[in-house]
Amino acid sequence: MKLFIGSLPYNITEPELTELCGTFGTVVSAKLIVDQFSGQPKGFGFVEMSNRSEGHKAMDNLNGKEYNHRKLVCNEAKPPAKKGQRRR
């Protein structure tokens with residue numbers, strides 16, 4: 001199950017994100033999204049959990065949780081939009 005995690009502190013690293021979510025199950029992958037020009041993190045990322053029950057456990061525990069003075073947003077990631085289409 002792939003999760004979207006938003007409102008992350010800008011100084012978080014991918015290993016820290018993995019550790020944050022790893023307390024709720026097995027993290028398959030963790031990816032922070034960075035600006036392509038500056039290389040600075042944009043404050044959100046995606047984490048893939050090994051199964052849906054672990055993903056739901058992570059969502060239940062992380063959504064609204066304060067982490068480094070920021071209130072996290074955590075929900076199931078939506079599939080990427082097809083090229084040339086915008087999400088509504």
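Modeller: A residue is called buried under 20% relative accessible area, exposed over 50% and partly exposed in between (1.4 Å probe, protein chains only). The model is predicted, so local features need pLDDT of at least 70 and side-chain atom pairs pLDDT 80 or more, while totals for chains, interfaces and linings use all residues. Residues are numbered from 1 along each chain as its sequence is written, and side-chain values use heavy atoms, leaving out hydrogens and water.

Which residues of α2 are buried? They are Glu54, Gly55, Ala58, Met59 and Leu62, and because they span an arc of only 140° around the axis, they fall on the same side of α2; the arc is that of the directions from the helix axis to the C-beta atoms. On the other side of α2, by contrast, Ser53 and Asp60 are exposed. Just after the helix, Gly64 takes a positive phi of about 90°.

What covers the buried residues of α2 includes β1, α1, β3 and β6. One of those buried residues, Leu62, is touched by Cys21, where contact means heavy atoms within 4.5 Å. Besides Leu62, Cys21 also touches Ile5, Val27, Val47 and Met49, when residues up to four places away in sequence are not counted. Cys21 is itself buried, with a relative accessible area of 0%, and Cys74 is buried as well, at 4%. The sulfurs of Cys21 and Cys74 are 6.3 Å apart, which is too far for a bond. The structure holds 0 disulfides, a disulfide being a pair of cysteine sulfur atoms within 2.5 Å.

Next comes the sheet on which α2 packs, with β1, β3 and β6 as the strands that α2 touches. It is an open sheet of 4 strands in the order β2-β3-β1-β6, with antiparallel pairing; two strands pair if DSSP finds at least two bridges between them. Because β2 and β6 stand at the edges with a single partner strand each, one side of each is left without a neighbour in the sheet.

The pairings can be followed strand by strand across this order. β2 and β3 pair over 6 bridges in the antiparallel sense, and the bridge partners there include Leu32 with Gly45 of β3, as well as Ser29 with Glu48 of β3. These two strands also form a hairpin with 6 residues between them, and in its turn Gly39 has a positive phi of about 80°. β3 is in turn paired with β1, again antiparallel, over 5 bridges, and here Gly45 of β3 is the bridge partner of Ile5. β1 then pairs with β6 over 4 bridges, also in the antiparallel sense, with Cys74 of β6 as the bridge partner of Ile5.

Definitions and conventions:
Axes are lines fitted to C-alpha atoms, for helices over the stretch in contact, and angles run from 0 to 180 degrees between N-to-C directions.
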